[in-house]
Amino acid sequence: MPPSFLLQNGIALSIGLAIVGLVFALILIRKVVGSDAGNEKMHAIASAIQQGAKAYLNRQIMAVSLIAIVIFAAIWYLRDGVTAAGFVVGALCSLAAGYIGMMIAVRANVRTAQAASVGSHPALKVAFNGGAVTGLLVVALGLLSVGVFYLIVRGATDHAKHAIDSLVGLALGSSLISVFARLGGGIYTKAADVGADLVGKNEQNLNEDDPRNPATIADNVGDNVGDCAGMAADVFETYAVSLIGGVLVGHLTVGSDAAVIYPFVLCGLAIIASLIGIGWVNFVKQEATASLVCGVAVSGIVASALFWWATSSIFGAELKIGSLAVPSANIFYCAAVGLIMTLLVVWITNYYTSTHHRPVRLIAKASETGHATNIIAGISIGNQATLMPVLAIAASIWGCYDLAGLYGIAIAVVSMLSLSGIIISLDAFGPITDNAGGIAVMSGLPESVRKITDELDAVGNTMKAVTKGYAIASAGLAAMVLFGSYVEDLQAFVGHKVSFDLMDHRVVIGMFIGGLLPFLFTSFCMSAVGNAAGAVVREVRRQITAKPGILTGSDTPEYAQCVDIVTKAALGQMIVPALLPLIFVIGMAYVGMEALGGVLIGTIVTGLFIGISMTSAGGAWDNAKKFIEEGNHGGKGSFAHQAAVTGDTVGDPYKDTAGPAVNPMIKVVNILAILIIPIVFKAVVK
């Protein structure tokens with residue numbers, strides 16, 4: 001292959017590889033759906049979960065569509081039709097990735113339960129392949145939407161800057177949908193989960209997923225709409241936004257076609273690496289955690305080899321960034337930093353949230369002395385868990401900036417997100433195994449089956465925490481790139497240098513306001529879960545009081561009542577927090593461009609710490625409970641277990657609602673700031 005091939009055909013090649021990813025997703029769908037779905041009782045329970053998840057997502061789409069139409073019209077009127085079209089493309093692809101992935105996940109759960117009756121590895125394969133469908137959909141649709149839209153606009157206008165500017169609309173569409181999906185799904189899943197645990201476990205001493213608990217079906221539905229659809233939309237927008245950020249920075253700081261094409265090529269080649277990693281998990285028989293982590297490591301090694309070849313092919317010996325000649329090896333080193341960051345985040349989050357390591361066991365030990373000491377230990381671990389990721393992010397920014405400036409940081413982010421295909425496979429693995437355990441209990445399968453699903457669920461909890469940590473850490477890097485894009489785009493628009501001086505009161509005010517936003521945002525998220533969970537608790541108590549036969553098995557709970565409560569709560573209470581970033585950014589933009597820059601900095605810094613702390617603490621609380629349920633510190637039903645359940649219920653909205661929703665919120669703030677530059681600041685152009 002001649003060196004110029006990638007330079008001439010890089011985007012087309014990446015689109016072709018995205019199609020390959022879609023084809024493999026279809027193959028995995030057939031493989032999962034073709035697996036044994038168990039007996040009629042299992043099928044009936046799985047069908048109820050499927051119907052509940054589908055009904056919720058359909059209602060969520062209707063609610064979000066009304067808001068999206070208003071924003072679409074505003075972008076068309078204030079900016080242009082092409083950017084508005086990009087907004088629609090980003091929103092639709094984000095919805096599609098989450099919706100299709102979730103519909104496969106709710107079919108994989110019952111098949112995982114049935115496979116667990118055969119053995120641990122067959123169950124691992126079914127659950128992982130169900131998750132891999134979501135992972136491949138995220139990267140394939142993300143790369144396809146950005147690549148095809150860019151080529152169409154570039155061909156129609158023959159002007160690179162206009163085509164790249166239009167991608168900002170696509171980024172906003174995917175980010176906004178992600179905020180709603182994360183919030184709505186998170187409120188739904190954690191309201192049901194907390195409500196089910198507080199009454200079922202603490203008051204009635206029922207096991208996890210006991211069919212006598214009226215909130216059980218709502219809890220299992222929530223796992224899918226929150227952890228499958230919500231996470232897919234979340235990482236889709238992070239993936240798309242990072243790719244767009246890399247393209248935008250490449251155009252603004254380097255200006256060559258090679259710098260614009262390179263991020264597309266990295267994402268395309270990483271799909272090959274992710275497919276090899278998925279193959280590793282399927283064909284190499286290992287213990288669950290080792291299998292999943294090795295799959296990521298293999299993908300990273302393959303990706304690094306492909307990236308080295310692509311870098312030398314596209315850039316040759318060096319590239320010009322401004323007046324500096326940068327060796328092409330420096331660009332590869334930045335891409336390698338992104339891959340290393342991925343592995344580091346996996347390792348760090350695994351340490352803080354796995355039952356095999358000290359932090360989770362400290363929380364479990366603290367549970368022996370009561371509910372309060374469990375909560376104190378969990379908050380402490382969450383705060384401590386920010387140290388290593390933030391140091392790693394800081395080192396990455398410093399190193400990549402020295403190697404290749406802002407473009408180097410952008411490439412590290414693109415490289416880190418390029419492995420989303422296999423990383424998201426790990427995340428969706430969690431709710432699939434969780435649901436599989438619920439189906440096993442509700443359908444009366446042998447205890448040996450539940451033992452396997454419980455072991456896989458504990459691994460799944462860690463993997464969910466890993467992927468949330470991955471998304472938030474990558475958001476920190478991506479937000480730095482987007483802030484740099486805001487500065488570069490702003491300077492190009494106003495025609496002079498813009499500085500953000502800490503002695504400028506407008507910048508400092510902006511930083512305070514921006515720093516406030518993540519706290520206010522997460523406050524609304526936590527409050528929404530608490531209110532909805534309280535309604536679930538009251539409904540479960542009402543049913544048990546009205547029908548005492550529920551606890552003896554002579555009466556059937558009214559599952560639909562709890563499903564309806566959390567559906568209405570999620571849809572009603574996701575609107576205000578989702579719109580907060582728009583209100584803050586647009587309001588502060590009229591204070592001045594310096595103040596808006598301060599808002600971006602403040603939001604990035606506090607949002608990163610809050611997101612990492614909440615997701616790590618939540619994952620650690622959850623697995624501390626599972627560690628006790630394995631027979632440690634008194635086992636199930638003990639005083640320590642009751643305290644751990646309380647900690648888990650506090651951690652639920654931490655790790656599955658407020659914490660992860662900060663990630664897309666940070667991106668919405670930054671993307672919206674870039675989008676409104678020519679609208680708000682046109683009066684200052686000289």
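A residue is called buried under 20% relative accessible area, exposed over 50% and partly exposed in between, with a 1.4 Å probe and protein chains only. By that scale Ala96 counts as partly exposed because its relative accessibility is 27%; Ala96 is placed in helix H3 (residues 81–116), helices being DSSP runs of H or I with at least four residues, numbered from the N terminus. The model is a predicted one, in which local features need pLDDT of at least 70 and side-chain atom pairs count only at pLDDT 80 or more, while totals for chains, interfaces and linings use all residues. Residues are numbered from 1 along each chain as its sequence is written, and side-chain values use heavy atoms, with hydrogens and water left out.

The largest nonpolar core has 249 residues, with Tyr407 and Tyr486 making the most contacts inside it; such a core is a set of buried Ala, Val, Leu, Ile, Met, Phe, Trp, Tyr and Cys residues joined through side-chain atoms within 4.5 Å. Helix H14 (residues 447–494) gives the most to this core, namely 20 residues.

Helix H15 (residues 505–546) reaches 61 Å from its first C-alpha to its last. Within H15, Arg542 and Glu539 lie 3 residues apart, about one turn of the helix, and they form a salt bridge whose closest N and O atoms are 2.8 Å apart, the term requiring a side-chain nitrogen of Lys or Arg within 4 Å of a carboxyl oxygen of Asp or Glu. Glu539 is buried, because its relative accessible area is 10%, whereas Arg542 counts as partly exposed at 40% relative accessibility.

Terms used
Helices (H or I, at least four residues) and strands (E, at least two) are DSSP runs, numbered from the N terminus. The expected span of a helix is 1.5 Å times one less than its number of residues.
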